[in-house]
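These notebook entries record what I looked up about strand order and pairing. I took the sheets one at a time.

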Amino acid sequence: MRKKLFLSALVVALPLALAAILILRPTQAKSEGTKASPMEVNVDNFTFGPDTLTVPANSKVTWVNKDDVPHVITSNDGLFKSKALDTDDTYSYTFTKAGTYSYYCSIHPKMVGKVVVQ
Ligand SMILES: [Cu+2]
């Protein structure tokens, strides 16, 4: 009788444990994915969105050109400069040191943005 009870407890507990593992796993993978995913600046309608992006140090920032005209991401102090980005082209730069990094589009200098690294 006791053995039967133990077995039925096992039958209940085992799928529960498996379910817990299956439920917890994607959550873990998700949070890791968020951490590794790059920070994006959308270049759309001649504006950078967001125009000020705040990120922790060692963040890889990716600009994505959503416009149908080319843009060039150029840092004010010459730290980085992209090639001409066509539609859906991307440019990435990894910011290692804290500070405020201003940039503009060298084709359309009125387009300005900032990356604040904390
Ligand atoms: Cu531009």
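**Sheet entries**

I looked up the first entry, an open sheet of 4 strands, and noted the order β2-β1-β4-β6 with mixed pairing. I noted that β2 (47-49) and β6 (90-95) stand at the edges with a single partner strand each, so one side of each has no neighbour in the sheet. From one strand to the next, I read an average twist of 20°.

The model is predicted: local features require pLDDT of at least 70 and side-chain atom pairs count only at pLDDT 80 or more, while totals for chains, interfaces and linings use all residues. Residues are numbered from 1 along each chain as its sequence is written.

For terms, I took strands as DSSP runs of E with at least two residues, numbered from the N terminus. I counted two strands as paired if DSSP finds at least two bridges between them. Angles run from 0 to 180 degrees between N-to-C directions, with axes as lines fitted to C-alpha atoms.

I then looked up the pairing of β1 (residues 39-44) with β2, which is antiparallel over 3 bridges. The bridge partner of D44 in β2 is T47.

My next entry concerns an open sheet of 4 strands in the order β3-β8-β7-β5, where the pairing is mixed. Here β3 (52-55) and β5 (73-75) are at the edges; each has a single partner strand, so one side of each is left without a neighbour in the sheet. Direction ignored, neighbouring strands of this sheet are turned by 25° against each other on average.

Which residue in β8 is the bridge partner of T54? I found V116. β3 and β8 (residues 112-117) pair in the parallel sense over 4 bridges.
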